[in-house]
Amino acid sequence: MATIELRNVTKEFGEVRAVDHVTLDIADGEFVALVGPSGCGKTTTLNMLAGLEEVTSGTISIDGRVVNDLDPKDRDIAMVFQNYALYPNKSVYENLAFPLKMKKMPKADIDRRVRETAETLGITPLLGRRPRELSGGQQQRVALGRALVRDPKVFLMDEPLSNLDAKLRVQMRTELKRFHQDLGATIIYVTHDQLEAMTMADKIAVMSGGILQQFATPDEIFNRPNNVFVASFIGSPSMNLMRGTIQDTSGRLEASGGGWRGSLPDRLAGEVSRSQDVVLGIRPSHIRVSHEPLEEGFSAQVLTVEPTGDLTYLTCRAGSTDLITIVSPEFRVAPSDVLHLAFDRNHVHLFDGTTEQAIRPAIGAPATVAASAWR
Amino acid sequence: MSATTPTVRNRRRPWRRPENIVAVVFMTALLIYTVVPMLWMLSTSLKSQFAALQQPPQWIPEHLTFDQYRTLLSPYNDIGRDFLRYLVNSIWVSLASTVLGVAVAVPAAYAFSRFNFPGKNALFFSVLVRNMFPLVVFLIPLFILMRNLRLVDTHMSLIVTYLTFGLPLSIWLLKGFYDNIPPQLEQAARIDGATRFQAFWMIVMPLSSPGIIATAIYAFIQAWNEYVYALTFLNSDRLLTLPVGLQRFFAEYSTNWPGLMAASFIMSVPVVVLFLILQKHFVRALTEGAVKT
């Protein structure tokens with residue numbers, strides 16, 4: 001098991017900067033998710049860690065040793081690929097044995113290790129088969145087995161679940177998490193699915209445009225997003241983000257925009273000034289919804305009603321702003337009804353209107369990562 | 001989609017569907033057109049000289065004789081000696097250009113498929129451009145080149161020429177194969193402890209072997225059948241390859257039709273055998289290069 005350090009790691013493909021000065025400290029045994037939309041640089045970062053891409057500048061260290069110029073085979077890492085990358089002309093047994101064979105391990109030891117790993121993953125009956133004779137879920141297990149069999153310092157996983165159907169994905173998610181708990185391995189996990197990141201990771205690194213936006217625990221990322229991008233990317237349904245200005249109404253600071261208003265929590269009152277442009281963020285679950293007028297609230301018209309069983313999502317329009325809110329299934333509502341909404345003041349997020357960085361009390365906990373300007 | 005889910009009636013008699021009748025008629029015509037000359041060649045080669053000129057011709061010879069084959073394949077007479085020498089020359093030239101061709105085409109195709117380098121597209125295009133000209137266009141320039149290199153009247157002149165003629169298609173076919181092998185397989189191998197070369201050798205090579213076999217056989221057949229360059233570059237009788245040799249045969253023994261047919265038949269055997277082995281791989285090679293899956 002190992003620690004990993006990325007220091008100002010940058011990757012340029014010609015003119016394009018795919019990864020821009022990323023700095024990450026990953027502790028021994030941590031499960032870190034690299035998350036972001038496609039093209040954000042997360043896979044390039046992983047490939048640089050694996051040694052499959054050269055680093056343009058910056059350093060990558062594993063266990064305190066700089067590995068920039070080390071071949072993938074000398075980094076003692078294992079990788080699970082999105083398409084599994086099982087060797088199609090080899091049996092499952094040979095696939096699992098390949099990394100051990102390359103280490104020149106004695107045949108008897110290889111056999112023991114392969115069988116142990118197959119037992120752990122429940123793929124012993126498949127050992128004689130070829131990859132194309134396996135289902136997607138079985139291929140996924142074999143790919144995991146091939147990584148597991150080596151007992152590497154670090155596991156790198158590149159969207160390993162994205163080719164599975166929804167049900168199997170949820171099942172494998174639980175299994176991966178248990179596997180991490182049992183092994184205590186350091187895992188770097190690339191995904192575009194924020195839910196996978198939230199459910200499995202100890203820490204999440206949110207990337208966009210090659211820049212690390214925030215690196216923190218899921219709780220921190222969810223409750224204290226660094227900027228508008230992180231706020232919008234994490235959470236489902238995503239946070240409502242609305243442009244507005246700060247106003248002083250009857251001695252209380254509030255932000256308001258086209259048709260909505262929300263008073264600010266006391267902790268933020270000192271951080272903003274009147275008529276400052278801001279982006280106000282509020283999660284759907286933090287909007288009170290009522291048929292009666294609410295204090296510090298505003299009215300909005302219901303556009304769509306989407307029941308999911310447990311909860312019902314409402315899309316409402318207030319002036320020129322659309323908001324998503326959540327109500328219980330018992331709440332009686334129909335499209336074009338007029339409702340009253342009010343933001344839960346303590347859960348309001350505020351971002352600077354120009355830089356889109358979070359506005360926070362100066363004395364509070366500092367941002368984990370000082371991300372450069374959000375693109 | 002209706003073609004793949006035929007009605008019960010059609011399933012019982014699939015050949016009754018109009019498009020199949022057209023196909024069967026067309027294929028039969030094509031088969032007659034290609035196979036009949038071959039059969040006629042075989043038939044004549046098994047006749048006596050007298051029977052070969054008989055009117056009306058006999059399709060199945062009354063008296064089968066293998067004399068011509070015996071003569072051609074025996075080193076103890078002049079005709080056989082010449083013929084066997086041409087055969088060996090042909091095998092040597094075709095095999096050498098094929099082996100060299102594969103040795104060059106494999107790394108070239110791999111590089112075109114996997115690496116990005118300046119001028120890659122221009123280079124690949126210029127490799128393919130060669131295929132757009134008829135071979136004869138290069139005859140005189142290449143002859144002058146070979147003369148300056150003092151390679152005229154050597155097997156090397158043909159080996160080099162066939163090599164350059166075979167390469168564009170070989171590279172193109174093989175590139176299609178490599179394009180279809182996910183790069184993640186090599187990446188996985190490199191992470192699993194292989195060097196870059198080992199990853200290529202242990203993972204990519206076995207997967208691309210059908211493509212390599214297909215291109216090799218194709219290059220071999222091209223070299224085996226080539227006539228114009230062999231005729232131009234070679235003067236010495238002892239160096240001739242089969243296609244040119246057969247022509248000499250024709251001039252010298254113009255009355256011996258069965259002998260000529262027997263020699264032609266022997267020459268076509270390797271091509272047919274190789275093509276039978278190849279056809280499955282070859283179709284795959286062509287389609288895999290063309291269609292991205």
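Predicted model: local features only at pLDDT ≥ 70, side-chain atom pairs only at ≥ 80, totals over all residues.
Strands here are DSSP runs of E with at least two residues, and helices are runs of H or I with at least four, both numbered from the N terminus. Strand 4 (residues 57-62) and strand 5 of chain A pair in the antiparallel sense over 2 bridges. Pairing requires at least two DSSP bridges between two strands.

Local features need pLDDT of at least 70, side-chain atom pairs count only at pLDDT 80 or more, and totals for chains, interfaces and linings use all residues. Residues are numbered from 1 along each chain as its sequence is written, chains are lettered from A and ligands numbered from 1 in the order written, and side-chain values use heavy atoms, without hydrogens and water.

The open sheet of chain A has 4 strands in the order 2-1-4-5, with antiparallel pairing.

The contact (heavy atoms within 4.5 Å) takes 17 residues from chain B and 21 residues from chain A. The buried area is about 1700 Å², and carbon and sulfur atoms give 68% of it. This is the accessible area (1.4 Å probe) lost on putting two parts together, summed over both. B:R190, B:I191 and B:D192 lose the most area in chain B, together 39% of what that side buries.

Between the chains, 2 salt bridges are counted. Each needs a side-chain nitrogen of Lys or Arg within 4 Å of a carboxyl oxygen of Asp or Glu. B:D192 forms one with A:R146, the closest N and O atoms being 3.4 Å apart.
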